[in-house]
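Here are a few notes to read next to the model.

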Amino acid sequence: MSEPRGVAVLGCTGSVGTQALEVIAAHPDRFRVVALAAGRSAERLGALAARHGVPPDRACLTGDAPEMLAELAALDDVDVVLNAVVGFAGLAATLAALEHGKRLALANKESLIAAGPVVAEVRARSRGEIVPVDSEHSAIWQALRAGRDREVARVVLTASGGPFRGRSAAELAEVTVAEALAHPTWQMGPKITVDSSTLMNKGLEVIEAHELFGVDYGRIEVVVHPQSIVHGMVTFCDGATVAQLSAPDMRLPIGLALGAPDRLPTPYGALDWTGGATLTFEAPDRSTFRALDLAEQAGRAGGDGPATLSAANEVAVEAFLAGRIRWVDIAAVVEEVLAAGIGKVRSVGDVVEADARARTRAEAAVRRRARG
Ligand code: MG
């Protein structure tokens, strides 16, 4: 057996980061942790570094020093960079990992979404590769292996629908933070859980699928599937649909992203069909969950549209979590910022500028709606 792969776990105290460390610890013959990064939690970072035998100079707090992420991603003994940093701050790690020819196990969807054209350029000229960690994209990545690229007719992303599925806009006018955080099928961090409740998460995933797989927007579909068993599907030109099914357990896509093309011997999320199962599918309610259309518009517009969408959404979600605006205001803030204009993206500088501009505009839009 070959040497264990060296893994840099960036965003190690979050939901994906801690599950990745669990997967790595359970497969010491395949993986070892060689670097860790956390945002601000020094105590937890120290404890994780001690537990996984990572020396202090390779365990970094990157909250105020995101450039450290790029340094860790570029280390010689790093084979796989697990980028589970929250938000736009993950871009530096994404670019550095690809630039240095690493496997990028990507859980930070914002970097690919905001800086799509920049990441695509680095990806095309480097030896780096991206294997998605996001459960839907992992599913599609797996399903795509069943045919050739030119045979792909449609890519289908499933959505659980979140905690507010089936409710009307009027019913959602006064929902609380606690209600938005009560996701029916997945245990995740607060930002992505709120994004699931608005369907912005699915909208961001549509853009992510476009960037990852080079499929145009007209061939990417979203379908609501409340059981979260089918994670993604690909329909081929002969009419065959290939799907990936498992219980909602992020350790499966994490393990595949770290180990691919090998599959792990541990059956995370394996289903037991003997008890029977009912799987249902329905079209998303796009008039109540407006974030989905906003994201698709931003994706089709291209340029800094996705960066603007993602940054405005981050500000709006933070404001909602802080009790400053209502849940229904999240999409309204994003829509207002998108309407203010979309520009071109040629460099990281353009993305950083678009991000900052969108945040300033979103903050102004939040203040106008802020309660009390
Ligand atoms: Mg997902």
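1. A disulfide here is a pair of cysteine sulfur atoms within 2.5 Å. This is a predicted model, where local features need pLDDT of at least 70, side-chain atom pairs count only at pLDDT 80 or more, and totals for chains, interfaces and linings use all residues. Residues are numbered from 1 along each chain as its sequence is written, and side-chain values use heavy atoms, with hydrogens and water left out.

2. The structure has zero disulfides. Cys-12 is buried at 0% relative accessibility (buried means under 20% relative accessible area, with a 1.4 Å probe and protein chains only), and Cys-60 is buried too, at 8%.

3. Both cysteines turn up among the residues that Leu-36 touches, including Val-9, Leu-21 and Leu-72 (contact means heavy atoms within 4.5 Å). Leu-36, Leu-82 and Leu-309 have the most contacts inside the largest nonpolar core, which has 119 residues. Such a core is a set of buried Ala, Val, Leu, Ile, Met, Phe, Trp, Tyr and Cys residues joined through side-chain atoms within 4.5 Å. Domain 1 (5-132) and domain 2 (285-372) both give residues to this core, so it lies between them; the domain bounds come from an automatic or database assignment.

4. Now the metal: Asp-134 (OD), Glu-136 (OE) and Glu-205 (OE) coordinate the magnesium ion at 2.1 to 2.3 Å. Donors are N, O and S atoms within 2.8 Å of the metal (3.2 Å for Na, K and Ca), and water is not among the atoms, so sites may look incomplete. Asp-134 is buried at 10% relative accessibility, and Glu-205 is buried at 1%.

Definitions and conventions: Buried means under 20% relative accessible area, exposed over 50%, partly exposed in between (1.4 Å probe, protein chains only). Lists of a residue's contacts leave out its neighbours within four places in sequence.
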